[in-house]
Amino acid sequence: MAVCVNTDIDRIIPEVKVVKQNNKIIEKTIPTIEYHKISQDYVCSLAIRLAREMFSLLPIDKLVVDCVENDALILSVVFEKDEIENTDFDSLPDASDYIKKYDNHMSFTQTKGFGEVESLLKKL
C-alpha cells in the first residue's frame, strides 16, 4: 500500500516575528539553512505521522509514503509496522534521523533543501 501527501512547506513554515525592546514587532525571514532544517523535520514528521495513522487503521505490514512539494517527489520511504509499533516517539531527537532507519529516497542539503527523488513504490 502507498500514500502520497502534498507537504505544502511554504504555507506551513511562516516568517519569524521578533519583538524588539521598544515593543515594536519586526518580521524577519528565517535564514536559509534554518528554514531547510525545519522543512526537513516537518516533512519527515509528516511521513512518520501518516505511517502511524495508516498502520493503526489498516491491516498492513508495510507502507510507502511519498511526500510531494510543488509537483516534485521529495521523500519516499518504506515503513514497517513492527518497527513503528516498537518505537518510543517521545524520545526521538530528530524525525529526519529516524527516517534513515528505513529504506528511503531523500535528497537533501542544508543549503539547497530537498531535491527530486524516485518513489520506492516498486519495492512493495
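In what order do the four strands of the open sheet lie? In this predicted model, the order is β1-β4-β5-β6, and the pairing is mixed. The edges are β1 (2–6) and β6 (103–105), each of which pairs on one side only. Neighbouring strands of the sheet are turned against each other by 15 degrees on average, direction ignored. Strands of a sheet pair through backbone hydrogen bonds, either parallel or antiparallel. Here β1 and β4 (residues 62–69) run parallel, joined by five bridges. Take Asn6: its bridge partner in β4 is Val68.

Now turn to the charged side chains. The structure holds six salt bridges. One of them joins Arg49 to Glu53, with the closest N and O atoms 2.6 Å apart. Both residues sit in helix α2 (residues 32–57), four residues apart, about one turn of the helix. Arg49 is partly exposed at 41% relative accessibility. Glu53 is partly exposed at 34%.

Helix α3 (residues 81–85) holds another such pair, Lys81 and Glu85, also separated by about one helical turn. Their closest N and O atoms are 3.9 Å apart. Lys81 has 18% relative accessibility, so it counts as buried, the cut-off being under 20%. Glu85, at 52%, is exposed.

A further salt bridge brings together Lys101 and Glu83, at 2.8 Å from N to O. This pair links distant parts of the chain, 18 residues apart: Lys101 is in the loop between α4 (95–99) and β6, while Glu83 is in helix α3. Lys101 is exposed at 51% relative accessibility. Glu83 is partly exposed at 30%.

Glu27 is partly exposed, with a relative accessible area of 49%.

Technical notes: Residues are numbered from 1 along each chain as its sequence is written. This is a predicted model: local features need pLDDT of at least 70, side-chain atom pairs count only at pLDDT 80 or more; totals for chains, interfaces and linings use all residues. Side-chain values use heavy atoms; hydrogens and water are left out. Buried means under 20% relative accessible area, exposed over 50%, partly exposed in between (1.4 Å probe, protein chains only). Two strands pair if DSSP finds at least two bridges between them. Helices (H or I, at least four residues) and strands (E, at least two) are DSSP runs, numbered from the N terminus. Axes are lines fitted to C-alpha atoms, for helices over the stretch in contact, and angles run from 0 to 180 degrees between N-to-C directions. A salt bridge is a side-chain nitrogen of Lys or Arg within 4 Å of a carboxyl oxygen of Asp or Glu.
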